[in-house]
Amino acid sequence: RHSIDEAHEFDHMILGRFICGVWGTRDFNNGHPMAGGYIGEHSGHSLIGLEGPLLNYSVIWVGTFLIVYGKTSSKKSWGLTLIFASLPFARFFTALIGGGDEYGVIKTFISNPFTARVVLIFTIVAVLFYPLYIAYKAIKNTPSKGIIFTGFLILDRKRKLLNSSHA
């Protein structure tokens with residue numbers, strides 16, 4: 001697993017500990033930040049569900065900032081790294097198939113599953129469009145630029161996308 005994956009899950013766990021007063025459990029792929037009996041006792045479940053993705057989106061936007069305002073190629077490279085390491089495609093794809101943290105949260109606010117998914121997909125696209133546009137522009141202009149961008153976007157995530165609906 002990547003560091004940002006781990007930070008994402010740990011972010012859930014820390015907020016769950018803060019809200020519940022006890023640590024949740026953790027398995028190989030995911031954290032379960034709210035300890036068993038505490039799930040029904042606390043209204044922080046949605047907040048905990050958003051905590052991990054907020055970390056991903058924040059890191060994506062920090063990467064965007066580095067590309068746009070970075071004066072050196074090193075800063076721009078770190079920006080690209082942060083954007084793609086934060087799993088923008090996984091955030092979108094899991095919502096598209098009805099999984100992921102964001103979908104779990106939006107279902108608490110919008111009861112119709114189709115409407116919830118449509119609203120979520122449009123929201124994720126709105127949040128990710130500019131960073132991905134900037135990342136695409138930052139890749140050297142070669143005939144294979146689109147392939148390089150697509151590869152950065154999805155190839156590293158193949159295992160995660162095939163093995164889990166939780167990203």
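Hi everyone, let's start with a pair of helices. Helix α4 (residues 88–96) and helix α6 (residues 113–138) pack with their axes 9 Å apart, at an angle of about 165°. Axes here are lines fitted to C-alpha atoms, for helices over the stretch in contact, and angles run from 0 to 180 degrees between N-to-C directions. That angle makes α4 roughly antiparallel to α6. As for the wording, under 35 degrees counts as roughly parallel, over 145 as roughly antiparallel, 65 to 115 as roughly perpendicular, and the rest as oblique. The helices (H or I, at least four residues) and strands (E, at least two) are DSSP runs, numbered from the N terminus.

A word on where this comes from: it is a predicted model, where local features need pLDDT of at least 70 and side-chain atom pairs count only at pLDDT 80 or more, while totals for chains, interfaces and linings use all residues. Residues are numbered from 1 along each chain as its sequence is written, and side-chain values use heavy atoms, with hydrogens and water left out.

Back to our pair. The crossing of α4 and α6 is left-handed, meaning the near helix is turned anticlockwise from the far one by less than a right angle; clockwise would be right-handed. Which residues of α4 meet α6? On the α4 side they are Pro88, Arg91, Phe92, Ala95 and Leu96. Their partners in α6 are Arg117, Leu120, Ile121, Ile124, Val125, Leu128 and Leu132. Contact means heavy atoms within 4.5 Å. The residues of this α4 and α6 contact divide into ten nonpolar, no polar and two charged. In that count, Ala, Val, Leu, Ile, Met, Phe, Trp, Tyr, Cys and Pro are nonpolar, Asp, Glu, Lys and Arg are charged, and the others, Gly among them, are polar.

Please keep an eye on Arg91. In α4, the buried residues are Pro88, Ala90, Arg91, Thr94 and Ala95. Buried means under 20% relative accessible area, exposed over 50%, and partly exposed in between, with a 1.4 Å probe and protein chains only. Arg91 has a relative accessible area of 0%. So what does its side chain pair with? In general, side chains of opposite charge can pair when their charged atoms come close.

The structure holds two salt bridges, each being a side-chain nitrogen of Lys or Arg within 4 Å of a carboxyl oxygen of Asp or Glu. In one, the side chains of Asp101 and Arg91 meet at 4.0 Å, N to O. That pair links distant parts of the chain, with Asp101 in helix α5 (residues 100–106) and Arg91 in helix α4, ten residues apart. Both Asp101 and Arg91 are buried. In the other, Glu102 and Arg91 meet at 2.7 Å, N to O. Here Glu102 in α5 and Arg91 in α4 are eleven residues apart. Glu102 is buried too, with a relative accessible area of 5%. Together, Arg91, Asp101 and Glu102 are linked in a network of salt bridges.

Now look at the two ends of α4. Leu87, in the loop between α3 and α4, has a positive phi of about 65° although it is not a glycine. Is Leu87 buried or exposed? At 2% relative accessibility, Leu87 counts as buried. Just after α4, Gly98 takes a positive phi of about 85°.

Helix α6 has other neighbours. The axes of α3 and α6 come within 10 Å and cross at roughly 135°, which makes α3 oblique to α6. This crossing is left-handed. Leu80, Ile83 and Phe84 of α3 make the contact with Pro131, Leu132, Ala135 and Ala138 of α6. The residues of that contact divide into seven nonpolar, no polar and no charged.

Then there is helix α7 (residues 145–154), which packs with α6 at an angle of about 130°, axes 10 Å apart. That makes α6 oblique to α7, and the crossing is right-handed. Leu132, Ala135, Tyr136 and Lys137 of α6 touch Lys145, Gly146, Phe149 and Leu153 of α7.

Finally, the whole chain. There are eight helices and two strands, in the pattern α-β-β-α-α-α-α-α-α-α along the sequence. Of the 167 residues, 41% count as buried. Thanks, everyone!
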